[in-house]
Amino acid sequence: MAFDTIIKGGTVVDGSGLPQRKADVGIREGMITDIGRLSGAKNTIDADGLVVMPGIVDAHTHYDPQLTFEPFGTSSCFHGVTSVVGGNCGYSIAPCAPKDRAWITAFFAKVEGMTPSVLEKGLPWDWESFPSLMAVLDKRLGINAAVYIGHSAMRRFVMGEAASDREATPDEIAKMQNLVREAMRAGAAGFSSSQAPTHTDQFGRPVPSRKATFDEVKALAAAAGEGGAGSIAFLAGTAVQGYDATDRERLIELAHVSGLPVVVQGMGYRPGAKEKWDDQTKFLEDARQRGAAIYSMLRTQPFMRPFNWRRGTSLFEGVFHWRDLAALSIEDRLARLKDPQKREEFRWGIDHPNTDGAKGSTLPPPAMTALFVDKSKAHPHAVGKSIAQLAKERGVHPADVFCEITAADDLDTQYVYNSESPAWLEANREAQRNLHMIVGTGDGGAHADRDDGAEWSTYFLRSWCSIAAPIRSRTASVASRIYRRWSAASSAADCLPAAITPT
């Protein structure tokens, strides 16, 4: 039988767990139909010396706004990604009433670091409901996409401004349940929500989903489960700390009421925290024994984030004395950094980041051992050294070095937060071996204010494949089961973009 296209002579890595092998891939009517020694095609792609692999599924992105006006998921598509999941963290671009378009644009700009002008000029706003968003995407997509219906978006749609202030009434919860059911019928990937204290809106308030009771979250998860497929994405209030006993029990409840897998963030093996990792893996296995399928996204690339204090950064959202610099004029920022009376506040802030979600973000700041000077005209000798190393050399607090170098460069010092270390590599390698971990967490489509992590997939292939290929195949199988709703069949689109991958 003739093929439309044969990808000829490549090294096939199919994600099934089978060893890589030299083979041809046959495509007919847009579908991958055969793998073997094939002939008889209208078109042939010579893949000799190349790896032919399925397109990569990125299970944690925020591409749903961007895909309404840019269909390819740039820049994840440049890294072999052909399928993305958006609407994570309770943030989706639908449903959205016309009166709330400015609010949700500013909301995405704040919570996910998207460029306001790009959203304002790019979003076509030819949808209101979740099903109408799906219809819009069906006409424009250049990659495969699945989208969660987000809790914060639904609360705003049903409750208006009150979504950011109070609990929902039973009637409002019932309306949101109907929105979830409607979304699932339209092909939503599931329901997503966040209780994380790191998530604050454009006015510094908790995002709307954080005002919900857990009973509300459960009711919406149960409605999602009526759809018969998909998953629940949930970020609990203690995720940063590794999930306390209450939140762990809640994850199991969500799995039970929905009958769906629950995907979380925040679990993983961090250097120097072996006991916490062992505790987390025991919980995940115990949950499985209790009939709850719980998986955690796992970041497999180090943080590599450049920033300067002229533009500002979100890395210090949980350190208020540093965070508040962004609200000042350039002159006032410099004056504050140079003020000896303010210096003690800067020292105290680094040593005591916020841990109270009621006061604002609890995002931990970068470790001073992982914060490096990348460019400095005033202090060229400091380039390549960490803030911790420079402070030790001078016998001062890291905040003193941070302030003095930044002020000497008139805020133009470029710093890099780089979390890679031998200990990090070893811990991450072990975490990847756990079947409850899903590789990803790139946050594609977000964080134009720092980086969107879209390179995670090529970083993974470059850095981990030689030692982790069998591990990856198992985790890919987990992701495939979770997202079977929207990826029931392999398509040529999931193979061709990744076919030109150097061996």
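Visitor: Are Trp309 and Trp322 buried or exposed?

Guide: Both Trp309 and Trp322 are buried. Buried means under 20% relative accessible area, exposed over 50%, and partly exposed in between, with a 1.4 Å probe and protein chains only. One caution first: this is a predicted model, in which local features need pLDDT of at least 70 and side-chain atom pairs count only at pLDDT 80 or more, while totals for chains, interfaces and linings use all residues. Residues are numbered from 1 along each chain as its sequence is written, and side-chain values use heavy atoms, with hydrogens and water left out.

Visitor: What makes the rings of Trp309 and Trp322 a tilted pair?

Guide: Rings of Phe, Tyr and Trp (its six-membered ring) pair if their centres lie within 6.5 Å; planes under 30 degrees apart count as stacked, over 60 as edge-to-face and the rest as tilted. The centres of Trp309 and Trp322 are 5.6 Å apart and their planes stand at 40°, so the pair is tilted.

Visitor: Which parts does that pair tie together?

Guide: Trp309 lies in the loop between strand S13 (304-307) and helix H9 (320-323), and Trp322 in helix H9, so the pair ties together parts that are 13 residues apart in sequence. Helices (H or I, at least four residues) and strands (E, at least two) are DSSP runs, numbered from the N terminus.

Visitor: How many aromatic pairs are there in the whole structure?

Guide: The search finds 19. Another of them joins Trp309 and Phe316: centres 5.5 Å apart, planes at 50°, so this pair is tilted. Phe316 is buried, as is Trp309. One aromatic cluster takes in Phe307, Trp309, Phe316, Trp322, Phe346, Phe402 and Tyr415.

Visitor: How do you know that the count of disulfides is zero?

Guide: A disulfide is a pair of cysteine sulfur atoms within 2.5 Å. By that rule the count is zero. Take Cys89: the nearest cysteine sulfur, that of Cys96, is 18 Å away. Cys89 has 7% relative accessibility, so it counts as buried. Cys403 has 0%, so Cys403 counts as buried too.

Visitor: What is the strand order in the open sheet of eight strands?

Guide: The order is S6-S7-S8-S9-S10-S11-S12-S16, with parallel pairing. Two strands pair if DSSP finds at least two bridges between them. Strand S6 (56-58) and strand S16 (437-440) have a single partner strand each, so they stand at the edges, with one side left without a neighbour in the sheet. On average, neighbouring strands are turned by 25° against each other, direction ignored. Axes are lines fitted to C-alpha atoms, for helices over the stretch in contact, and angles run from 0 to 180 degrees between N-to-C directions.

Visitor: How many bridges pair strand S10 with strand S11?

Guide: Two bridges link S10 (residues 231-235) and S11 (residues 262-264), in the parallel sense. Ala233 stands opposite Val263 in S11. Helix H7 (residues 245-258) packs on the sheet here, touching S10, S11 and strand S12 (294-299), and its direction makes about 150° with that of S11. Contact means heavy atoms within 4.5 Å.

Visitor: What makes strand S8 mostly covered?

Guide: Five of the seven residues of S8 (residues 144-150) are buried. Four bridges join S8 to the parallel strand S7 (residues 81-86), with Ser83 opposite Asn144. Gly150 has Ser192 in S9 as its bridge partner.

Visitor: Why are the buried residues of H14 said to line one face?

Guide: The buried residues of H14 (residues 422-432) are Trp424, Ala427, Asn428, Ala431 and Gln432. Seen down the helix axis, they fall within an arc of 135°, so they line one face. The arc is that of the directions from the helix axis to the C-beta atoms. H14 lies across S12 and S16, at about 150° to S12.

Visitor: Why is Glu29 called exposed?

Guide: Its relative accessibility is 73%, so Glu29 counts as exposed. Glu29 has a positive phi of about 50° although it is not a glycine. Leu411 also has a positive phi, about 80°, and is not a glycine. At 0% relative accessibility, though, Leu411 counts as buried.
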